[in-house]
Amino acid sequence: MRTQVAIIGAGPAGLLLSHLLARRGIESVLVENRSRSYVEARLRAGILEQATVDLLTDIGLGDRLHAEGLKHDGIYLQWPGMRHHLDFPDLCGRSVWVYGQTEVVKDLIRAGLEAGRALHFDVTDTEIHEVETASPSVTFTDADGVGQRIDAQVIAGCDGFYGISRPEVSAPGRQVWQREYPFSWLGILAAAPPSTDELIYAWHPNGFAMHSMRSPQVSRLYLQVDATDKIDNWSDDRIWTELSTRMEFDGWRLTDGPVMEKSILPMRSFVSAPMRQGQLFLAGDAAHIVPPTGAKGLNLAAADVALLDNALGALLNDGDSRLADRYSDTALERVWRTTQFSWWMTSMLHRSGDEFDDEVQLAELRYVAGSRAAATSLAERYTGMPF
């Protein structure tokens, strides 16, 4: 088959890019090694920045988001004896939405299939070829076991941290930066109404805890655990007890309920540069990972895709390569700003076990709570700058 853009990966980055390109009249073929049902079910991010919501709304994919998503105008920062609210609209004029990545993916897949775009799930043996030429290609075996080849002008690698795309970027000067954190998040999805109107980010001597939500009936909660911990060590009763302890606050009670899903999520920061080699462009987790504390993973992927859409539109429709040539450098500026914010939020809220670090973290939390300038800085970065 022949197309203009071959897209590898049916996460938010690949699906959104396919949709945006189609609006420019640019054809694409997307391949994904997982099944559609798997892609639509995997739990990931749940917070959408203002710019991501605006983009999805502008391209006609905001109806369900606005009907079912939960708009949030702030967060609570908590430490023992104190719960401080940050009012985002007052501080920076923006908000965020709770709308799970699974729902974004469902909306994008449905829109793609309804428009007749080529989405291939359950593929195997995917390989990238000749990215340094004007005629790159992708080969794979489809769900029926038939070998296929896509001849394209451009390949977009949107296949995540463990995908095949990033290893193809081997240009001289390639650099990788990474930090593995000594703790993980134990996350649960519970059939319990949210206990709060806004997200709670809680510092506690036992470790970080977070209260989020997915709907008026479903809560999403997290605990800091050791990086080597195992989910078998955590019964539902132990999880709820520890969540209640770490988020305890006078006059407030944590609502519990049946745990529908639980897992332990590793924490890492990772950046790979450049984000392009020849006719291969990387976007999303294929090029960078941030810890989830700052709620940036999906939003950073959307920002990459918004840039790449503009660059490929100019390249393929107008023969103008200037935006494509600057894509990596331009994207990495935002990547590093976002990486710094995610690292800062993570460092401020997670206990290291060192008493000196404890006092520094508490001093930082008090500073954010007491300084409008510091609170505004957090609000601006949490809600996200325009794409």
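Ala 190 stands opposite Val 259 in strand E17 (259-273). The structure is a predicted model, in which local features need pLDDT of at least 70 and side-chain atom pairs count only at pLDDT 80 or more, while totals for chains, interfaces and linings use all residues. Residues are numbered from 1 along each chain as its sequence is written, and side-chain values use heavy atoms, with hydrogens and water left out. Helices (H or I, at least four residues) and strands (E, at least two) are DSSP runs numbered from the N terminus. Two strands are said to pair if DSSP finds at least two bridges between them.

Strands E13 and E17 run antiparallel and are joined by 13 bridges. Both belong to an open sheet of eight strands, whose order is E6-E5-E14-E15-E16-E13-E17-E20 and whose pairing is mixed. At the edges stand strand E6 (82-87) and strand E20 (288-289); each has a single partner strand, so one side of each is left without a neighbour in the sheet. Helix H7 (residues 236-246) packs on this sheet and touches strand E5 (74-79), E13, strand E14 (199-202), strand E15 (209-215), strand E16 (218-226) and E17. Contact here means heavy atoms within 4.5 Å. The direction of H7 makes about 85° with that of E16. Such angles run from 0 to 180 degrees between N-to-C directions, the axes being lines fitted to C-alpha atoms, for helices over the stretch in contact.

## The six-stranded sheet

A further open sheet of mixed pairing has six strands in the order E8-E2-E1-E12-E19-E18. Its edge strands, E8 (118-120) and E18 (276-277), each pair on one side only. Within the sheet, strand E12 (residues 154-157) and strand E19 (residues 280-282) pair in the parallel sense over three bridges, and Ile 155 has Leu 280 of E19 as its bridge partner. Helix H8 (residues 297-318) lies across strand E1 (5-8), E12 and E19, and runs at about 175° to E12.

## Hairpin and loops

Strand E10 (residues 137-141) and strand E11 (residues 147-151) run antiparallel and are joined by five bridges; the partner of Val 138 in E11 is Ile 150. The hairpin of E10 and E11 has five residues between the strands, and Gly 145 takes a positive phi near 85° there.

In the loop between E8 and strand E9 (124-129) lies Asp 122, which has a positive phi of about 60° although it is not a glycine.

The axes of helix H9 (residues 322-349) and helix H10 (residues 355-370) come within 8 Å and cross at roughly 115°. From H9, the contact is made by Trp 344, Ser 347, Met 348 and Leu 349; from H10, by Gln 361, Glu 364, Leu 365 and Val 368. These residues divide into five nonpolar, two polar and one charged. In this classification Ala, Val, Leu, Ile, Met, Phe, Trp, Tyr, Cys and Pro count as nonpolar, Asp, Glu, Lys and Arg as charged, and the others, Gly among them, as polar.

The second largest pocket is lined by 16 residues, and Thr 346, Ser 347, Met 348, His 350 and Gln 361 lie nearest its centre. Strand E13 (175-190), H9 and H10 each supply at least two residues of this lining, which has eight nonpolar, five polar and three charged residues. The pocket holds about 260 Å³ of space.

## Cavity

The structure holds one cavity of 30 Å³ or more. On a 1 Å grid over the protein atoms alone, a cavity is a set of points where a 1.4 Å probe fits but cannot get out, whereas a pocket is an open set with protein on both sides within 12 Å along at least five of seven lines; lining residues have an atom within 4 Å of a point. Grid points are joined across faces, edges and corners, and a volume is the space filled by probe spheres set on the points.

The largest cavity has about 50 Å³ of space. Among the residues that line it are Pro 12, Thr 52, Val 104 and Leu 298. Helix H1 (12-23), helix H3 (50-58), helix H6 (101-114) and H8 are the elements that give two or more residues to this lining, which divides into nine nonpolar, one polar and no charged.
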